[in-house]
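Here are some notes to read beside the model, written for someone meeting it for the first time. Please keep the sequence and the 3D view open as you go through the points.

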Amino acid sequence: MALAIAREAACRQPDDPKALRLSLRLLGHLGVDQRLLADFWTSAYVDGLYRHHVGPNYDKLVRCARDLGYDVAGEYVPCNGWAMCNHYRMTASRAALLERYGVKPGYMSHDDLPALDVFPKRRGVVIHHNRISGFRIASTPDWGFPRKMRGASGKVVTSHVTNVRKLESPFWRSTLEDARQRCLVPVTSFSEYGPGPKGGRPLFWFDVPSRPVFSFAGIWRMTPAGAVFAFLTTEPNELVKPIHPKAMPVILHDEDEERWLTAPISEALGVIAPYPSQLMSVQQSQDAAGMQSS
């Protein structure tokens, strides 16, 4: 029902936010998850704008969601390119992580690892230097930097930004410039939704066969609610581009990991480049759940 109302609003009432607000309230009663939000944005925005050459003003649509208290960070919004990589896996054991990253057993703060599948606002493992000893430490902050924004009603809402692309932005710059705030994000595979017909977009998983655990270039910081992290993105390579033409995570070569953690910012940013496509592999998910409405 919520999606039907959203579609009607997008196609026939593009300037009236009331139906969009009703759709969001209905989604709230259903329990807003990734799939429902993705379906909502598709119905309310894509169906309206691209199929009928009309559609609600995007900023107005986002304000509707934020005014109602929904977290709109951009990752669910189709006009932002179905933002990349909001699901990755880290399936290595604790022992394997300690060995892979040279972390001393006493410098892994949690004996229990996060869930194997990592999503925004959930815990993920990151590797960085301990500020006192200088040794590498493994910790488990939440994925997504909180960003407070004021909605049209004046209410302040918080979104969680998972991907770092505009490096010149003041929002990221101070964290990037402090080497102590850079981190490695251990990954065993990451996913992207590819193009597909109405009713389903296939899910693809990428990995690096020669490296059972590889690293995204990440940053982290403390907030009043605890530690958070995000990772950098760059232009997609030839393997990722047909599936996700907007961006791909910055995957570090082994020899660049310590450089990312310790070098001055001007040198550290030299690691940002598409990872060689010939060193990666991709496989389409065969799970029926690995489809996204489009």
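1. A definition to begin with: two strands pair if DSSP finds at least two bridges between them. Helices (H or I, at least four residues) and strands (E, at least two) are themselves DSSP runs, numbered from the N terminus. With that in hand, look at β12, where Ile 219 has Arg 182 standing opposite. Arg 182 belongs to strand β9 (residues 182–187), which pairs with β12 in the antiparallel sense over 6 bridges.

2. Some ground rules. This is a predicted model, in which local features need pLDDT of at least 70 and side-chain atom pairs count only at pLDDT 80 or more, while totals for chains, interfaces and linings use all residues. Residues are numbered from 1 along each chain as its sequence is written, and side-chain values use heavy atoms, leaving out hydrogens and water.

3. The overall picture: the chain has 8 helices and 17 strands. Of its 294 residues, 50% are buried (under 20% relative accessible area with a 1.4 Å probe, protein chains only; exposed means over 50%, and partly exposed is in between). Taking contacts (heavy atoms within 4.5 Å) between residues at least 6 apart in sequence, 68% join residues at least 24 apart.

4. Which other strands does β12 pair with? One is β13, in the antiparallel sense and over 6 bridges. β12 and β13 form a hairpin with 2 residues between them, and Thr 223 stands opposite Gly 226 in β13. Another is strand β15 (residues 251–252), antiparallel to β12 and joined to it by 2 bridges; here Ser 215 stands opposite Leu 252. β12 is largely enclosed by the rest of the structure, because 8 of its 10 residues are buried.

5. Beyond its neighbours within four places in sequence, its contacts include Val 164, Leu 176, Ile 219, Met 248 and Trp 260.

6. Is Ser 189 buried or exposed? Ser 189 counts as buried because its relative accessibility is 11%. Ser 189 lies in strand β10 (residues 189–193) and, not counting residues up to four places away in sequence, touches Tyr 88, Arg 89, Trp 205, Phe 206, Asp 207 and Phe 214.

7. Finally, confidence. The mean pLDDT (the predictor's confidence in each residue, from 0 to 100) is 78 for the chain, and 67% of residues reach 70 or more. Over residues 46–58 pLDDT stays under 50, as it does over residues 71–83. Where pLDDT is low, the predicted coordinates should not be read in detail.
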